[in-house]
Amino acid sequence: DHRDLHSFPTRRSSDLVSALVNLGYRRAEAFGAVATAARKLGDKAALDALIRAGLQELGQPAAQGAAR
């Protein structure tokens, strides 16, 4: 549910989506993963924690990086 990002700071969500897109994920996938991570961790979570959570949502362990 992407509505969760409406309350999430725009710059942060944009940065998070951009980071995942730069790792090779499609924008729609990245947006969904960021929305889920933001909902689970809250808007006060650190960017690195949100990126790791987004990667986990995408089924990619954060420790392995972007190897797809």
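Predicted model: local features only at pLDDT ≥ 70, side-chain atom pairs only at ≥ 80, totals over all residues.
Local features need pLDDT of at least 70 and side-chain atom pairs 80 or more, while totals for chains, interfaces and linings use all residues. Residues count from 1 along each chain as its sequence is written, and side-chain values use heavy atoms, leaving out hydrogens and water.

**Exercise 1.** Work out the secondary structure of the protein and its order.

*Solution.* Start with the tally: three helices and zero strands (DSSP runs, H or I of at least four residues for helices, E of at least two for strands, numbered from the N terminus). Then read along the sequence, and you get α-α-α.

**Exercise 2.** Describe how helix 2 and helix 3 cross.

*Solution.* First, the axes (lines fitted to C-alpha atoms over the stretch in contact, with angles from 0 to 180 degrees between N-to-C directions). Those of helix 2 (residues 27–41) and helix 3 (residues 47–57) come within 8 Å and cross at roughly 120 degrees.

Next, list the contact residues (heavy atoms within 4.5 Å): helix 2 brings A33, T36, A37, A38, K40 and L41, and helix 3 answers with A49, L50, A53, G54 and E57. Sorting them gives seven nonpolar, two polar and two charged.

**Exercise 3.** How much of the protein is buried?

*Solution.* Take the 68 residues: 31% are buried (under 20% relative accessible area, 1.4 Å probe, protein chains only).

Notes:
Nonpolar A, V, L, I, M, F, W, Y, C, P; charged D, E, K, R; others polar. Buried < 20%, exposed > 50% of the residue type's maximum accessible area, 1.4 Å probe, protein only.
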